[in-house]
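The following report describes selected local features of a single model. Please consult the sequence and the structure shown below while reading.

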Amino acid sequence: MKHLVRLFSTSAYKGTKNYINSQKKYEIIRTIIYFAISASLFIAGFVTTKTKMNYLTIVAVVGCLPACKSLISVIMFLRYKSASETFCNRLATQKHRFCELYDMVFTSYDKNFSVSHIIIAGNTVCGYTETNSFPEKEFQNHINSVLKMDGHKNITVKIFTDMEKYLDRIGQLNDSEIDTSNSEAIAETLKSVAL
């Protein structure tokens, strides 16, 4: 029981480091608990009435709905992984003053986009992905349309696949005079459309 309490108390929030790995564990445990509750209700009904035709069977079947929904979340999270330790250690040496998001998976009707790290520097959204082939143009169109719908206009979106170039870009932005007053609002919009 102590392990469960520790897992749920240390689970990461969306946009924080190691969010995807933490969320995987949470979703798996939650799914097991949901299915166990449904199974125990079915067994209890069968043991007490000696037949499947009872009210607890109905409750158990209805209880499978949230369990199946939770299973879908498990499948979604298992497809992705958190930012690598190598990248996180390298990023820790790069000091910056911007709002940042880790482990973001953006979903659209056509594709899903996995981005390991994002910084929001004024009207610039700059990110790094560890995905080999990243459809940057499609991602830019998707994120720009989401941001426009939420009232954020003239936002530049750039995703890097080369870690050193990304860290150089963070350094360039850090040396610039940038108004970051809208960064938190942009970050909240991005989190609202991510897995």
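Which residues of α6 are buried? They are Tyr166, Leu167, Ile170, Gly171 and Leu173, where buried means under 20% relative accessible area, exposed over 50%, and partly exposed in between (1.4 Å probe, protein chains only). These residues cover an arc of only 165° around the axis, which puts them on the same side of α6; the arc is that of the directions from the helix axis to the C-beta atoms.

The model is predicted: local features need pLDDT of at least 70, side-chain atom pairs count only at pLDDT 80 or more, and totals for chains, interfaces and linings use all residues. Residues are numbered from 1 along each chain as its sequence is written, and side-chain values use heavy atoms, with hydrogens and water left out.

**Helix α6**

Helices (H or I, at least four residues) and strands (E, at least two) are DSSP runs, numbered from the N terminus. Helix α6 comprises the 13 residues 163-175, which should span 18 Å at 1.5 Å a residue; the end C-alpha atoms are 19 Å apart, in agreement with that value. The expected span is 1.5 Å times one less than the number of residues. Among the elements that cover the buried residues of α6 are α4 (85-92), β2 (112-121), β3 (124-128) and β4 (156-160). On the face turned away from the buried side, α6 carries the exposed residues Lys165 and Asp175. The N-terminal end of α6 is capped by Asp162, a side-chain oxygen of which lies 2.9 Å from the backbone nitrogen of Glu164.

**Two residues of helix α2**

Glu27 belongs to helix α2 (residues 19-49), and Ser40 is also placed in helix α2. The side chain of Glu27 makes a polar contact with the side chain of Arg30 at 2.7 Å; a polar contact is a pair of N or O atoms within 3.5 Å, of which, within protein, one must be able to donate a hydrogen and the other to accept it, and residues adjacent in sequence count only if both atoms are side-chain atoms. Beyond its neighbours within four places in sequence, Glu27 is in contact (heavy atoms within 4.5 Å) with Ser70, Ser73, Val74 and Phe77. The side chain of Ser40 reaches the backbone oxygen of Ile37 at 2.8 Å.

**Accessibility and cysteines**

| Residue | Relative accessibility | Class |
|---|---|---|
| Glu27 | 5% | buried |
| Ser40 | 40% | partly exposed |
| Cys99 | 15% | buried |
| Cys126 | 1% | buried |

The whole structure contains zero disulfides, a disulfide being a pair of cysteine sulfur atoms within 2.5 Å. For Cys99, the nearest cysteine sulfur is that of Cys126, 13 Å away.
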